[in-house]
Amino acid sequence: MKFTVSKTEIVKALSPTLGVVEKRHAMPMLSNILLVVEESGVSFTATDLESQVKTICAATNIETTGKTAASARKLSDLCRLLPDGSDILIYLDGHKLFIESGLGKYSITTQQSEDFPLFDDVGESSEFKILAPTLRDMIRKTSFSMDSQNWRKHFNGMFVGVESKFITLTASDGHRLATCSNKIVGDVPSYLSGIIPRKAVNEIGKLLNDLSGEIIFSLGSNTVSIETPNTTFVSKLID
């Protein structure tokens, strides 16, 4: 594995993974990201077993392909420290991932990529499109009513219902309730619903920042996913 990427591109691609990776967990692998280099580009995947995010990064040059797992936070911090506007050479040598730019050369320990816990098949789902600013505004208007430590799990998330041409978001902590409805792009053939966990709602809100176009929203019996031009976020739903 050996490729060159601009600092701007890799910092932007790593940013969405930091909200998903666990700082402290019984599985140390969950603090890592899966780094995959293919001829078509570079991707980073992070998971906490309840949600998963995959981002795509445009490389300046790809010399050899491969994959490995490395600390998301260490890789992100090292790339942020390098000079603005610089190109970064990243390559795998043995069990270490080397990061070079100008006179700086750093390395971090890697793990076996085969041990990284990717999501299983998420099953069938129905998808529709919605404008990113619309969904972002709806989350902003309702997310404050979600609870965080309620023993009734359905209060620790946000209910989403989609019917015909409309989507409705509803959140409640048992004492207050906030709900908001808006139009989607096109329509859905049947009624869709689910409860998205609080952490996933917050991460989706972050992903929508600075986006102005359409995104793909998919809802299945046990998962929800959001697909933007460079990022795919998947989360399990609350039963």
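The model is predicted: local features need pLDDT of at least 70, side-chain atom pairs count only at pLDDT 80 or more, and totals for chains, interfaces and linings use all residues. Residues are numbered from 1 along each chain as its sequence is written, and side-chain values use heavy atoms, without hydrogens and water.

The lining consists of Leu135, Ile139, Met158, Leu169, Ile196, Val201, Ile204 and Phe217. At least two lining residues come from each of α3 (132–142) and α4 (198–207); helices are DSSP runs of H or I with at least four residues, and strands are runs of E with at least two, numbered from the N terminus.

## The sheet

An open sheet has four strands in the order β13-β12-β11-β14, with antiparallel pairing. Its edge strands, β13 (177–183) and β14 (192–197), each pair on one side only. Two strands pair if DSSP finds at least two bridges between them. Seven antiparallel bridges join β12 (residues 166–172) to β13, and serine 172 stands opposite leucine 177 in β13.

## Helices across the sheet

Helix α3 lies across β11 (157–163), β12 and β13, at about 165 degrees to β13. Helix α4 lies across β11 and β14, at about 95 degrees to β14. Contact means heavy atoms within 4.5 Å; axes are lines fitted to C-alpha atoms, for helices over the stretch in contact, and angles run from 0 to 180 degrees between N-to-C directions.

How values were computed:
1 Å grid on protein atoms, 1.4 Å probe; cavity = no way out; pocket = protein on both sides within 12 Å on 5 of 7 lines; lining within 4 Å.
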